[in-house]
Amino acid sequence: MRRRFLTFAMAATAATALTACTAGKEGAPALGSGPKPSGSASSALPAASIEVWHGFSTPGEVKAFEDAVAGFRAKYPQITVKLVKGVQDDQITQAVRGGKAPDVASSFTTDNVAQWCKSGTFQDLTPVIKQDGIDLSVIPEASRAYTEFDGRRCTMPLLADAYGLYYNKALMKGEQPPKTLSELTELTKKLTVRDADGNIKVAGFIPSFQYYENVPTHFAPTIGAKWYNEDGTSAIGSDPAWKGFLRWQKELVDWYGYDKLNKFRKSLGQEWSADHPFYKGKVAMVLDGEWRNAMIANEAEELDYGTAPFPAADDKPDLYGGGFTSGTVIGVPKGAKNPQAAWELVKYLTTDTQALVTLSNAVRNVPTTKASLEAPGLKKDANFQTFIDIFAHPRTSTIPSSVNSSFNQEAFQEFMNQWEQGSVKDLDAGLAEVDKRINDKLKLSGG
Amino acid sequence: MSSIAHATPRRRHGEGLKALLWMSPWLVGFAVFFAYPLAATVYFSFHRYDLFTLEFSGLDNYRYFLTDDRAWISIGNTLWLVAVMVPAQVLFGLAVAQFLTHLKAGAGFLRTVFYLPSLVPVVAGTVSFVFVMNPSGPVNQVLGFFGITGPDWFGDKDWSKPGLTLLAMWGIGNTMMIFLAALLDVPKHLYEAAAIDGAGAWRRFRSITLPTISPVLMFSAVTGVIYALQYFTQAMIASRVASGRTDSAGSTFVPGYPELSTLTLPQWLFHAGFRDSTMGYACVLALVLFAAAMALTLVLLRRFRAFADDEGGGR
């Protein structure tokens, strides 16, 4: 009895522990292997049915995407487009791996683009882009950068996010938004309100790296910090811009007092709810994406606020006006059943001005071609215009593609959390350890 | 004589084939669900594998494991849960079951009360639990009523694992029901005889109850250890809810909040395989998990066997 139980227990533990590591196979026609109607009349494309996976999930977003696709349906009536909403990156990877890839897939994050391009999860679009004579210079450089890896363009930018400063006009007490980090510090101290015990009631700006959008990627462009060396190894430890920024941040955290700031941070509402502290007048200035404009319109209509580029490092004033950008990407996965029709849809959604403007107006993201940015139909007020200007700014940048993008950001983020708590005694040694982790992982990945 | 000598091996051969035929469903299951995953995991652990391309990398994945301090932190956290959470679950389940067997009235109602939490979906239960135990939540308010300043359960690295242990104890329903059935199955006359001989409550529990229910205790301990080694969902959900940070596009979430204290080995394995696409390395972690599960299961089985032999149970 015991022996049988032992065998059963061992088999059960082994099976459950090991089944994560089994492999699958894939196989389907490659993009460009079918007939070539691109560039010719739309009616030349043969009838087909394509399945499109996208990440939009709220009713408004889903309808917006449907509306953007409507133009394609009108142009290509012989192509049936089936839309599948709310799809995550893991599902795309698993579907391609399992040989059940959709014809078109899009993702809200750019973190997996390098891996997808390198592994061939998404097909290289370069041949059909050349075939159709598409001039990629219509897309700003930063968006071109985050949609390709190592010379292999496997995705196209659909819409972009740009990051800047939001400020509550009532809490600013007539002050203008800061343009340098020193000005941000000065204004933060001026606008912060504490009670008699020193507890924070209103924060001028929350410098904590554990606060919502305060992640290293979003700060890097305006402090001029570098992520990688030419050979792909980490440049974080050797770039003085990161050190300068971390020291600036720690000084401001210490001015608040880490415990006081942490207590205040934990008392605040959720980032994706109507209780957001910026809406509630708990924080005067926040770093956020352009999509916050739409959320404010829906959740805090009465809020009187302004937007501006995020302040630049004191010694790099020329970076002011730029910011971080990334966005939604879309491409044709390996194994797509109708790759040519899929490419036509990708091309339409990412280069057709009307399609981009329709989608941008509905979900309030930045459109990704220069023509769509200047289109008269694009809805924009002064607050949204700020982000269009940031997106188009020559110093706007993104995090360079890396096969370990998520890991690298997490490694640095983990260090930054320790840094602000004061548990890092030697900044240089700590950053060197971050470099080592990133470089070791790069080696493990064969980079 | 020669014909008999000739027939025996043939008959044996036929019987062997027949036995194989009868065993084939199990053999197929064993090959598909055990042998193949095990062999594939070992094979992939020597490769750089991103789910699409496979490249032999020798011992690189194993070398990386030795220097990956997050893996060791996750192993430490997992072993903490095995060492604390599993005994806490078993002891609490046993105590509740024992309490329910002695109830004269209201036992049915209380059984339902104790069992209900195990019916709550894991994600919903964990989110609710984190809310109930947030710094200004109901639990800390009750503690405050008694003059105790409650901790920031899931926001403090020293309290996050005890918080998860309380969550596991809250959902003790299944274990409790098994213990309850085992306790009700203990022959009453043994207790009566022991009582006549002057044995006290502890002596009766030690010499009658424990040996009799030891197979059930062993089952609970072994399945509890396996469960703790695979601990994933609750730790991941609790850390995300407590951090207040989502894993949305453009946002960076470091698993194991706060300060890696809830990072378990299965989480790190999943992260390595499906987030970082280093599946070869994830296979090394899976083998470590497998080895730990086997070793702990063997140790537990031997301990229980020794206990049962000492007590003369040996069922």
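**Entry 1: confidence**

The ipTM is 0.79 and the pTM is 0.85. For chain B I read a mean pLDDT of 89. In that chain, 94% of the residues reach 70 or more. I keep one caution in mind: where pLDDT is low, the predicted coordinates should not be read in detail.

**Entry 2: overall form of chain B**

Next I looked up the secondary structure. Chain B has 13 helices and two strands. Then I checked its dimensions. Along the principal axes, the C-alpha atoms fill a box of roughly 95 × 70 × 30 Å. The radius of gyration is 25 Å, whereas a compact globule of 315 residues would have one near 20 Å. I also noted burial: 35% of the 315 residues in chain B are buried. For contacts, I took pairs at least 6 apart in sequence. Of these, 71% join residues at least 24 apart.

**Entry 3: domains of chain B**

How is chain B divided? I found domain 1 at 2-44 and domain 2 at 68-311. The centres of domain 1 and domain 2 of chain B, taken over C-alpha atoms, are separated by 39 Å.

**Entry 4: annotated spans of chain B**

I turned to the UniProt record, an unreviewed entry. Residues 208-229 of chain B are 100% helix and 0% strand. The end C-alpha atoms of that span are 31 Å apart. Residues 279-301 of chain B are also 100% helix and 0% strand. Here the end C-alpha atoms lie 32 Å apart.

**Entry 5: A:Leu159**

I then moved to chain A and picked one residue. A:Leu159 is found in strand β6, which covers residues 156-168 of chain A. Is A:Leu159 buried or exposed? I counted 27 other C-beta atoms within 10 Å, so A:Leu159 is buried; the cut-off is 20 or more.

Which residues does A:Leu159 touch, leaving out those up to four places away in sequence? I listed A:Gly327 and A:Thr328, then A:Leu359, A:Ser360 and A:Val363, and finally A:Asn365, A:Val366, A:Pro367 and A:Thr368. I checked the distance to one of these partners, A:Asn365. A:Leu159 and A:Asn365 are 206 residues apart along the chain, yet their C-alpha atoms are separated by 6.1 Å.

Note on methods. Residues numbered from 1 in each chain as written. Chains lettered and ligands numbered in written order. Predicted model: local features only at pLDDT ≥ 70, side-chain atom pairs only at ≥ 80, totals over all residues. pLDDT = per-residue confidence, 0-100. Helix = DSSP H or I, 4+ residues; strand = E, 2+ residues; numbered from the N terminus. Rg over C-alpha atoms; globule rule 2.2 N^0.38 Å. Buried ≥ 20, exposed ≤ 12 C-beta atoms within 10 Å, placed from the backbone. Contact = placed C-beta atoms within 7 Å. UniProt positions renumbered as here; feature names shortened; annotations may be inferred. Domains from an automatic or database assignment.
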